[in-house]
Amino acid sequence: PGAFFSFRERSEWRKERKSEKEESQMMLGRGLRSLVFRANGVRHAGKVAGQGKAPNPRQDAMKQYLKEVTVGDLIQQRGVRVIQTIPSSATVREAVEQMTKSNIGAIIVEEQKDPVGIFTEKDYLTKVAANDVDPSKIKICELMTSDIFTGSPELSLHDALAMMADHSIRHLPIASYVGDPDDDDSRIVDIVSARDFFQWIKN
């Protein structure tokens, strides 16, 4: 908690109490961690009425930049990756071995070449390792995430990051139309990860 005072109020308050020690004692007595003095002569408690966060030009510029760059731009710079898939009848151990060999954090689970789920390193940690499950005795289809949230190459990085945050996911499959555009047929063509976004921003 904190309190807001005007510079005039602070000046009057200081004349009355005369020492920073007494100021500190007052803060302790009221359970305050800070005092914020504003020049507009108005005292507020908590958030300043009628005002939002202070402008942050650097943050605003980054937000605008992320709205202008697309997932397709990221993939083009990073390079297209071959999608790793595994049949739903495979075991969790087989999936983890394939993920480890390919150095990836997510794998698409398929049935008759159609995606039916995704299995990620987060799934392994929360559903296998945390529960002491034997990965060689359980099918991947039993622990995969069935709801696959996908983005498109045209999606902005800003919206892609927002989608990942909203659904608490670290890997976002990217779907795109292939073949005849009139048949409404799309396929997962890549997977972007939180690490990809960090690397893009870093560069």
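Let me start with a word: a residue is buried when its relative accessible area is under 20%, exposed when over 50%, and partly exposed in between, using a 1.4 Å probe and protein chains only. Two notes on the model. It is predicted, so local features need pLDDT of at least 70 and side-chain atom pairs count only at pLDDT 80 or more, while totals for chains, interfaces and linings use all residues. Residues are numbered from 1 along each chain as its sequence is written, and side-chain values use heavy atoms, with hydrogens and water left out.

Now strand β6, residues 171-177. Five of its seven residues are buried, so by that definition the strand is mostly covered. Strands here are DSSP runs of E, at least two residues, and helices are runs of H or I, at least four, both numbered from the N terminus.

What joins β6 to β7? Seven bridges do, and the two strands run antiparallel. Strand β7 spans residues 186-193. Look at Ala175: its bridge partner in β7 is Ile188.

Next, an open sheet. Three strands form it, in the order β3-β4-β5, with mixed pairing. Pairing takes at least two DSSP bridges between two strands. At the edges sit β3 (85-87) and β5 (114-120), each pairing on one side only. On average, neighbouring strands are turned by 35° against each other, direction ignored. The axes behind that angle are lines fitted to C-alpha atoms, and angles run from 0 to 180 degrees between N-to-C directions.

Strand β4 covers residues 106-111. Six bridges join β4 to β5, antiparallel again. Ala106 has Thr120 as its bridge partner in β5.

Last, Tyr65. This residue lies in helix α3, residues 57-68. Buried or exposed, or in between? Tyr65 is partly exposed, at 36% relative accessible area.
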